[in-house]
Amino acid sequence: MSQEKVDRYKQEKYNRKHNQKKNNTKKYLAYAGVTVVALALICWLGYSVAISSGLYTPPTTPVTMSEPEIQSLRQKLIDSGDSNVKNVETTVAPDAQTVAVEETTKKAKDKKKSTDKKEDKEVDETTEEQE
């Protein structure tokens with residue numbers, strides 16, 4: 001039995017450097033893996049915060065569409081019940097490609113008119129009260 005212990009000790013001693021190297025490699029790979037995952041998480045979190053706060057807006061590729069295509073798309077959106085579709089005035093180039101789009105909403109205009117009327121009424125009421 002003691003000879004078995006001695007043989008086992010000699011075998012462990014013989015493989016000690018190899019086992020140590022193997023353990024160190026596993027440890028460093030684990031550290032590297034954790035570091036990569038942590039960096040990915042931090043980058044994703046930073047990007048998400050930047051997007052949601054408006055600090056960064058991803059680039060968009062411009063899409064050129066002809067006037068009939070735009071009207072068709074608008075009509076499809078309106079038919080599907082999209083409440084975000086706004087009244088749009090377009091400027092069309094001679095080759096029927098959209099050059100510029102100016103967004104004007106009736107709601108914004110109506111709201112501005114109604115607030116102007118309310119302010120006028122309030123001014124009239126305050127002047128009547130002062131007299």
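What share of the contacts in the protein with a separation of 6 or more comes from residues 24 or more positions apart? The share is 22%, where a contact means heavy atoms within 4.5 Å.

Before you click, note that this is a predicted model, in which local features need pLDDT of at least 70, side-chain atom pairs count only at pLDDT 80 or more, and totals for chains, interfaces and linings use all residues. Residues are numbered from 1 along each chain as its sequence is written, and side-chain values use heavy atoms, with hydrogens and water left out.

Start with the whole protein. Helices (H or I, at least four residues) and strands (E, at least two) are DSSP runs, numbered from the N terminus. Of the 131 residues, 5% count as buried, that is, under 20% relative accessible area (1.4 Å probe, protein chains only).

Now colour by pLDDT, the predictor's confidence in each residue, from 0 to 100. The protein averages 78, and 65% of the residues score at least 70.

Select residues 2-53 next: this is helix α1, with the highest mean pLDDT among the elements, 94. Within helix α1, pick Trp-44. Trp-44 is exposed (over 50%), because its relative accessible area is 54%.

Finally, go to residues 98-103. This is strand β2, whose mean pLDDT of 42 is the lowest among the elements. Where pLDDT is low, the predicted coordinates should not be read in detail.
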